[in-house]
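Dear colleague,

I am passing on the structure we spoke about, and below it you will find my notes on what turned up. Please read them with the sequence and the model open beside you.

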Amino acid sequence: MGVGVVDSAVAGLGGCPYAKGASGNVATEDVVYMLEGLGIETGVDLAKLVDAGRFITGTIGKDAIQSKVAKAIINKSQAKTH
């Protein structure tokens, strides 16, 4: 018994076109960070996941990444380069 599957979307993209005002899906980056923080090994490389989110949002022209974890990682990496 327990949770076997968690549904999420990279960068929080997506949502339901039928749910008026729906902001999107739960960001996979946030879920992975939470699970790893709880000691649950996911096997997901969070840095690569954040890179994938940046790539796809840039490719489709979406400015805002919905993941709070991804935003923090991106800001931290940008601060190191400046």
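Among what covers the buried residues of α1 are α2 and α3, where helices (H or I, at least four residues) and strands (E, at least two) are DSSP runs numbered from the N terminus. This is a predicted model, in which local features need pLDDT of at least 70 and side-chain atom pairs count only at pLDDT 80 or more, while totals for chains, interfaces and linings use all residues. Residues are numbered from 1 along each chain as its sequence is written, and side-chain values use heavy atoms, with hydrogens and water left out.

The buried residues of α1 are T28, E29, V31, V32 and L35, buried being under 20% relative accessible area, exposed over 50% and partly exposed in between (1.4 Å probe, protein chains only). Seen down the axis of α1, these buried residues fall within an arc of 165°, so they line one face of the helix; the arc is that of the directions from the helix axis to the C-beta atoms. Y33 and G37, on the other side of α1, are exposed, and just after the helix G39 takes a positive phi of about 85°.

T28, in helix α1, has a relative accessible area of 17% and is therefore counted as buried. Leaving aside neighbours within four places in sequence, T28 is in contact (heavy atoms within 4.5 Å) with S8, A9, V10 and L49.

**How α1 meets α3**

The axes of α1 and α3 come within 6 Å and cross at roughly 90°, the axes being lines fitted to C-alpha atoms, for helices over the stretch in contact, with angles running from 0 to 180 degrees between N-to-C directions. The two helices α1 and α3 are therefore roughly perpendicular to each other, a label given to angles of 65 to 115 degrees, whereas angles under 35 count as roughly parallel, over 145 as roughly antiparallel and the rest as oblique. Where they meet, E29, D30 and Y33 in α1 are in contact with K68, V69 and A70 in α3.

**Helix α2**

Helix α2 (residues 46–60) has 15 residues and reaches 21 Å from its first C-alpha to its last, close to the 21 Å expected at 1.5 Å a residue, the expected span being 1.5 Å times one less than the number of residues. Its buried residues are L46, L49, V50, G53 and T57. Because these cover an arc of only 100° around the axis, they sit on the same side of α2, and they pack against α1 (28–37) and α3 (68–81). The face turned away from the buried side carries the exposed residues K48, F55, G58 and T59.

At the start of α2, a side-chain oxygen of D45 reaches to within 3.1 Å of the backbone nitrogen of A47. The side chain of T59, for its part, reaches the backbone oxygen of F55 at 2.8 Å. T59 is exposed, with a relative accessible area of 52%, and T59 and D30 are 29 residues apart in sequence and 21 Å apart in space, C-alpha to C-alpha. Just after α2, G61 takes a positive phi of about 80°.

**The chain as a whole**

The protein chain has 3 helices and 0 strands, and its C-alpha trace spans about 50 × 35 × 15 Å along its principal axes. Of its 82 residues, 24% count as buried.

Terms used:
Polar contact = N/O pair within 3.5 Å; in protein donor to acceptor, adjacent residues only side chain to side chain.
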